[in-house]
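Please open the structure in a viewer and keep the sequence at hand.

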Amino acid sequence: MTESSTADYRAHFDASVAFANGGGLRAEGFRLDLPSADVTEADVARLFVQHLGLALVSSVQLSDLRIVEEQHRGSRGIDPASAPDAPDATDATNARRVVDLSHTIRAGLVTYPGLPAPVITPHLTREDSRARYAPGTEFAMDVITMIGNTGTYLDSPYHRYADGGDLASLELSTLVGLRAEVVHVDDATSRGVPAEVFFDREVTGAAVLVHTGWDAHFGTPAYATGAPYLTEEAAAYLAEQGAVLVGIDSLNIDDTEGGGARPVHSLLLAEGVHVVEHLTRLGELPARGARFTAAPPAVEGFGTFPVRAFAEL
């Protein structure tokens, strides 16, 4: 198999594990990140044991093993730097990359059905400005009228709670250069993302970004129905574990089709955990290793505002 230095590979297999002190474990249709495509069955078995953190294993038998080119999902035991074809730190291809994770705001943009779209009007046109400035000098000054929930935006506690911190109160250290834990669930079989998805991640102090793939529908009627969301249990777990920020590339971090309750917003914002909704291009990020930034302007008495969210790789 010919391998690209930028490609990710995963193993698909069934497994049977026996323990030295008795008992066993079986797995069907398991999927596991690999450091490269050039691995043996024994390598896959070792990585499987490391990922699950199993102790006292006496034997591992794999069957129906397939190695496929597929994006990593964050399996433990994989160090990208150890891959045979990993680039040297001085390689030009290993330079910093910035991924824009925000939707473009434009006049008439529908972010959330039922909310007003942005309206952009001129305050001073270039033509009118020529009479005010020196010859050859002109400016455009425009007014944008929009709701805070436009495009990709961040919710502060004030969005949910009258006594919560507003946008101006947020510490920049909790918005800039955060360690990102990107959870790729774009192939999930149910809408609600459960707490268990995050159990193998170090979410304390991190920006937890949930990649559902729903951003593919942004700006279309399909975006408004059937959207993925976080469960209440997932929100409680992330808050308890000390996540700094939770973002999603979907219509809402809550289930908007389950009535008026918003348990995820309520739990996270009560604990001062920032919420970023309507992200995009999360599929371009690795499960670990990126730094995330999403800083809104410091507006007093305001709870939600668009951000230019981005990740540095």
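What share of the contacts in the protein with a separation of 6 or more is accounted for by residues 24 or more positions apart? The share is 72%, where contact means heavy atoms within 4.5 Å.

The model is predicted: local features need pLDDT of at least 70, side-chain atom pairs count only at pLDDT 80 or more, and totals for chains, interfaces and linings use all residues. Residues are numbered from 1 along each chain as its sequence is written, and side-chain values use heavy atoms, with hydrogens and water left out.

**The whole protein**

The C-alpha trace spans about 85 × 45 × 35 Å along its principal axes. Of the 313 residues, 42% are buried; buried means under 20% relative accessible area, exposed over 50%, and partly exposed in between, with a 1.4 Å probe and protein chains only.

Next, colour the charged side chains. There are 22 positive and 43 negative ones, and the centres of the two sets lie 3 Å apart. Lys and Arg count as positive and Asp and Glu as negative, while His and the chain ends are not counted; each charge is placed at NZ of Lys, CZ of Arg, CG of Asp or CD of Glu.

**Helix H3**

Select residues 232-240, which form helix H3. Its buried residues are Ala234, Ala235, Tyr237, Leu238 and Ala239. In general, an α-helix has 3.6 residues a turn, so residues three or four places apart point the same way. The cover over the buried residues of H3 includes strands E9 (192-193), E10 (207-211), E11 (229-230) and E12 (245-248), together with helix H4 (263-270). Just after H3, select Gly242, which takes a positive phi of about 85°.

**The loop between E7 and E8**

From Gly242, move to Gly164: their C-alpha atoms are separated by 18 Å, although the two residues are 78 apart along the chain. Gly164 lies in the loop between E7 and E8. Is Gly164 buried or exposed? Gly164 counts as buried because its relative accessible area is 18%. Not counting residues up to four places away in sequence, Gly164 touches Pro157 and Tyr158.

Now select Ser156, which is placed in the loop between strand E7 (153-155) and strand E8 (178-184). Ser156 is buried, because its relative accessibility is 0%. Leaving aside neighbours within four places in sequence, the contacts of Ser156 include Gly165, Asp166, Leu167 and Leu170, and also Leu269, Phe302 and Gly303.

Select Asp64, in strand E3 (residues 57-69). Asp64 is not a glycine, yet has a positive phi of about 50°. Asp64 counts as exposed, at 60% relative accessibility.

Then go to Arg281, in the loop between strand E13 (274-277) and strand E14 (288-293). Arg281, also not a glycine, has a positive phi of about 60°. With a relative accessible area of 33%, Arg281 is partly exposed.

**Last stop: Ile120**

Finally, select Ile120 in strand E5 (residues 119-124). Ile120 is partly exposed, since its relative accessible area is 44%.

Terms used: Helix = DSSP H or I, 4+ residues; strand = E, 2+ residues; numbered from the N terminus.
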